[in-house]
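Trainee: I am new to this structure. Please take me through it one question at a time.
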Amino acid sequence: MRARLKERECSENGSAAVEFALIGPLFILLLIGAVVYGGWLWMAQGVQHLAAEGARAAIAGITADERTILAHSAVSGSIDGTTILDPQAVAISVTTDPGSIRVIVTYDASGHPFMALARLVPSPPRSIRREAVVRTGGY
């Protein structure tokens, strides 16, 4: 009888299942967080790229209206090359002053599939706003 009790006490059957039950949910949440934040950073990089392309194109304009048109067309042309951004969720703003041109691109990421997982972890901002400034004139 004692031999059977010792055999039961030393048995490790099921210990892996218990360990996974304790660690598994945390690991899965960690993976979901990595996917959500990785996707958000990918989107943020794409938005920054659009702002930079808009500013580069706007520098060629002479008037403020021409700069705005050039920036909008450059952003619209560049967004087709990105696979992660939805063109319908992009807003572009161009401001000029005598010393610089500022292109602001705002992206509403709330409808993106990466953000659907964000309910499970602390989520990044739903709106991504990036800007690029180009100086005009002398240094």
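Trainee: Which residues have the most contacts inside the largest nonpolar core?

Mentor: This is a predicted model, in which local features need pLDDT of at least 70, side-chain atom pairs count only at pLDDT 80 or more, and totals for chains, interfaces and linings use all residues. Residues are numbered from 1 along each chain as its sequence is written, and side-chain values use heavy atoms, with hydrogens and water left out. A nonpolar core is a set of buried Ala, Val, Leu, Ile, Met, Phe, Trp, Tyr and Cys residues joined through side-chain atoms within 4.5 Å. The largest one has 28 residues, and those with the most contacts inside it are Met43, Leu85, Val103, Val105, Tyr107 and Ile128.

Trainee: Which element gives the most to this core?

Mentor: Helices (H or I, at least four residues) and strands (E, at least two) are DSSP runs, numbered from the N terminus. At least two core residues come from each of α2 (15-58), α3 (64-79), β1 (90-97), β2 (100-108) and β3 (127-135). The most, ten residues, come from α2.

Trainee: Which residues does Leu85 touch, not counting those up to four places away in sequence?

Mentor: Contact means heavy atoms within 4.5 Å. Leu85 is among the residues with the most contacts inside the core. Its partners are Met43, Gly46, Val47, Leu50, Ile79 and Tyr107.

Trainee: How many bridges join β1 to β2?

Mentor: β1 and β2 make a hairpin with two residues between them. The strands run antiparallel, and the bridges between them number eight.

Trainee: Which residue of β3 is the bridge partner of Val105?

Mentor: β2 and β3 also pair antiparallel, over nine bridges. For Val105, the partner in β3 is Arg130.

Trainee: Is Thr136 buried or exposed?

Mentor: Buried means under 20% relative accessible area, exposed over 50%, and partly exposed in between (1.4 Å probe, protein chains only). Thr136 sits in the segment after β3, and its contacts beyond four places in sequence include Ile59, Arg67 and Ser100. Its side chain reaches the backbone oxygen of Pro98 at 3.2 Å. Its relative accessibility is 13%, so Thr136 counts as buried.

Trainee: Is Pro122 buried or exposed?

Mentor: Pro122 is in the loop between α4 (113-116) and β3. Pro122 and Gly33 are 89 residues apart in sequence and 8.0 Å apart in space, C-alpha to C-alpha. With a relative accessibility of 68%, Pro122 counts as exposed.

Technical notes: A polar contact is a pair of N or O atoms within 3.5 Å; within protein, one must be able to donate a hydrogen and the other to accept it, and residues adjacent in sequence count only if both atoms are side-chain atoms. Two strands pair if DSSP finds at least two bridges between them.
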